[in-house]
Amino acid sequence: MDPRRIAGLLDAPGCRRRQALDAAQVDLGVLADAIGAPPGGQSPYARERDGTFTHLATARLPELVGRHLGIDCAAAVETSELPVGAGLWVWREPKLRLRDLPVTPGQIVLAGDGALLFPVEIRSYACLDGHADPTKVAGTARELAVVVAALRQAAPVPERVSSRCLLVLPRNFGLAPVGTLLDVAPQVRRLGWSLDRLDAVDLPARLREPELGGQALVSALAAVEARFGDGCPSCPMYTHCRQDAESTGTVARAGGAAANLCGPVGTAVHALALAHGERTPSGEAEQAIADELARAAAAYGWATGGRSIP
Amino acid sequence: MSLDVYQRLLALSRARAVPAASRAHRHLSPRPWLLTGYHLAGEPSAPVAIRYGSFRDSPKLLTVAEPRDRALRFAALGGLARDLATYLSRYTVTEPVVRATGSGRELDVDHCCVDAPQLVVPNEATAHWVGLLGQYLRTLDDPVLAAAGAHLGWIASRRHLPGSNVLLTATDLLTAHWRTGQLPTEDGHLGRLLAWIEPPAGVDAWQAARDAEAMPPAGPASDPSWDQVVLRPALERAKHQGDVRRLKLAAAEVLDGAWRDTWAAIDLVRMLPPGEHVAKRWESDRWSWTRHRERVLAGTVSFSARLSDVPAYRFLHELETRTAALDRQMALDDPLVMARYLATGEAVAGVVIKRDPEHTVVNSGGRSVLRPLLWVRTGSAFDRPAGTELWWGKVGMVVRGSTDDTVELMVTSGAVTRPKLGLLPDADAEVVLAPFGPQQYFPDNLPDELPWPTRSSRPKPAPEPELDDDLDTDLTLPAQQTGTAADPDTAPGRVPVPRAVPDPAAESRGAQ
């Protein structure tokens, strides 16, 4: 699985279905087919730009590495294992593992100063006047965290892999590369936390079957409880879970704020019945939710229908 | 806010958006300039097609046969720049305005443009792109393109100011006035939003929203498979055979949806009666436009990438002032917005059950002064403490105490002299007491020490070669905060710093 997919675990915290999906290493192409998800993919123009920039940036890497990490090195050297010493290496298609999950990035660029190894990441989104899109940087940081954690698992001495990474981006509207240091230590810790929970997922036996596909795969996944929320649109199961949430009328379909306010009250019909006093709340928690929503309902009634509040 | 959640739940169970406002809170120009378009994937400076103009039925379409060819790109953008200049030239008429200057005692005559331009785009991403295009054009030597860049820069800079209406996004227009039952992130999709507000006959919002997703995206990023299947052959043909018809047809087809949806959003908001304070907020935009024009004419337009120290302090101050003013104005204009404050308990609605207009207290000077008392019966307990200030129009009062269904209030301003006692609410009158008094003015005097967010405390980066002089301080922030939760997407206290900010002094003069 590529780092982006594993990093996706951090987007949907607490969703057991998403965890099961990754713990069972379901093939996303098969899954998209099964649930009839719209085709994703990258524009050919984005791919070309990616390629051009990666080519240009790789040529100037020694200079950037020297400036930001203080490492004197020549052009990158191909390697097929975790390097030692000082220099700059490209490791193509490394077979790494993170806990039990395979991690298969296309390539990893590493710079070493003799004591520490620093991952180098080349991305083609622009850094404008010193600002890069924070959402994209955050996404890259999560993916780098997966790489760092996987390298640490492969390294004889894990501390030798630094969480400080060099991120190389094109400057302004051109393709001149600029480097910047990005410390992904917090993301590595969050990833560890997520993976601990992933280990605890007891996978339904059916999901362990190899070559599972089509409706069988969907129903096996549907058996695992999902937690719908604001991070869901980036998940491969999104369209399926969304349909689920719509047919059951769950509060979470309206977003995290609604789900948080309604707490144990699961469906919108139930919550609205509490708000309109058509249902007696059971327990203190429901009473508090009912009070809060009843107040909102009264205010809304006053504002829309001229109903008086007292 | 619990009212937001309640409205979302209502919308969800009805499968239809519910109104979140009963007044239009955005100024809508009678002749806005709309812009929708696509750029080449990953390259905001390489537009593929842009549809723009002020006329719904006759938009202009700009296409670039080879977006990566700078000469072709500049030629196409030159057309856009000239059309923008023509549109802006309609807003040069000024009128004399008498304003107080200095300490407020002297009067002066100033000139303000009678109207200002307004740009409307389908979504936030396109609004951001407008800013990027402006930034890109400003780097060019061509005077026409650079002038367009300056104008786009001013337009984009207004986007960050609460209450400004120079650059509107259709998604913001709709989310400000309606609430849907889908995820807030899904509200960023213009087609989905419209499907919730006006689903086609016989289709519920869920289905209509799914249908809307299948339409071409509103931009500025195009559908990757469209890039592959339609755009690439069309561009090849345009490039090698000089035949742009296919490109124009393809572009017109995909941009048509966003174009119509943006107009539809404007139409929907136009049906609402405008809020009272909207014209006042637009006046601030008109002043800003006037000042921007003056700077353009004087050749002193400048944009800074990042603010620090005093400009940053002033900008933050302006943001705070505007946010407070916008909240207050919207609530006073619109009962549906005021309902949010009723739902949270910050405002209180009820019936005056008893009055004591003759009540007096002894003030600190030892004089007895009139401070009438009111008792208001409320639907639910008012749980704010004694001393809380509430307002009924211009009459200010403080809470003396409250029980399960009654609030006791003492009037402290607005009706504390005998001639003005008639301004008090009558017994049995229904009142809404709001936490919003007269417009608040916050002095923008500089404090002795600037607050930390505006200080340029970040260490200066090591000297860099000329090309790479502006390394990203934002990106290195987590590195400086090792050990704390410094995930860049959740880092606290991050203040969005605009790419360009007009002179704050000029803004605040026209602000309220």
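How many other C-beta atoms lie within 10 Å of A:N172? The first legend answers this.

All views show a predicted model, in which local features need pLDDT of at least 70, side-chain atom pairs count only at pLDDT 80 or more, and totals for chains, interfaces and linings use all residues. Residues are numbered from 1 along each chain as its sequence is written, while chains are lettered from A and ligands numbered from 1 in the order in which they are written.

**View 1. A:N172 has a positive phi.**
Phi of A:N172 is near 45 degrees, and the residue is not glycine. Most residues other than glycine have a negative phi. A:N172 sits in the loop that links β9 (164–170) to β10 (177–183) of chain A. Helices (H or I, at least four residues) and strands (E, at least two) are DSSP runs numbered from the N terminus. With 17 other C-beta atoms within 10 Å, A:N172 is partly exposed. By the rule used here, a residue is buried if 20 or more other C-beta atoms lie within 10 Å of its own, exposed if 12 or fewer, and partly exposed in between, with C-beta atoms placed from the backbone.

**View 2. A:Q25 is a non-glycine residue with positive phi.**
Phi of A:Q25 is near 50 degrees. The loop between α2 (16–23) and α3 (28–35) of chain A holds A:Q25. A:Q25 has 14 other C-beta atoms within 10 Å, so it counts as partly exposed.

**View 3. A:G231 is in contact with A:D11 and A:A12.**
These contacts leave aside neighbours of A:G231 within four places in sequence. Two residues are in contact if their C-beta atoms, placed from the backbone, lie within 7 Å. A:G231 belongs to the loop between α8 (214–222) and α9 (238–248) of chain A. A:G231 is buried because it has 20 C-beta neighbours inside 10 Å. A:G213 lies 18 residues from A:G231 in sequence, and 25 Å separate the two in space, C-alpha to C-alpha.

**View 4. A cis peptide bond joins B:G219 and B:P220.**
Most peptide bonds are trans. B:P220 is part of the loop between α7 (205–213) and α8 (224–241) of chain B.

Ala, Val, Leu, Ile, Met, Phe, Trp, Tyr, Cys and Pro count as nonpolar, Asp, Glu, Lys and Arg as charged, and the others, Gly among them, as polar.

**View 5. α12(A) packs with helix α12 (residues 335–344) of chain B.**
Two packed helices are described by the angle between their axes and the distance between the axes. Here the angle is about 155 degrees and the axes are 8 Å apart. Axes are lines fitted to C-alpha atoms, for helices over the stretch in contact, and angles run from 0 to 180 degrees between N-to-C directions. α12(A) is therefore roughly antiparallel to α12(B). Angles under 35 degrees count as roughly parallel, over 145 as roughly antiparallel, 65 to 115 as roughly perpendicular and the rest as oblique. The crossing of α12(A) with α12(B) is right-handed. On α12(A), the contact residues are A:R295, A:A296, A:A299, A:Y300, A:W302, A:A303 and A:T304. They meet B:P335, B:L336, B:M338, B:A339, B:L342 and B:A343 of α12(B). The contact of α12(A) with α12(B) holds 11 nonpolar residues, one polar and one charged.

**View 6. Helix α11 (residues 268–275) of chain A packs with helix α1 (residues 2–14) of chain B.**
Their axes lie 10 Å apart at an angle of about 125 degrees. That angle makes α11(A) oblique to α1(B). The crossing of α11(A) and α1(B) is left-handed. A crossing is left-handed if the near helix is turned anticlockwise from the far one by less than a right angle, and right-handed if clockwise. From α11(A) come A:A268, A:V269, A:A271, A:L272 and A:A275. From α1(B) come B:Y6, B:L9, B:L10, B:L12 and B:S13. The contact of α11(A) with α1(B) has nine nonpolar residues, one polar and no charged.

**View 7. Chain A and chain B each have two assigned domains.**
Domain bounds come from an automatic or database domain assignment. Chain A has domain 1 (42–199) and domain 2 (249–305). Their centres, taken over C-alpha atoms, are 47 Å apart. Chain B has domain 1 (2–332) and domain 2 (345–433). In chain B the centres of the two domains are separated by 45 Å. Chain B holds 14 helices and 17 strands. Of its 512 residues, 43% are buried.
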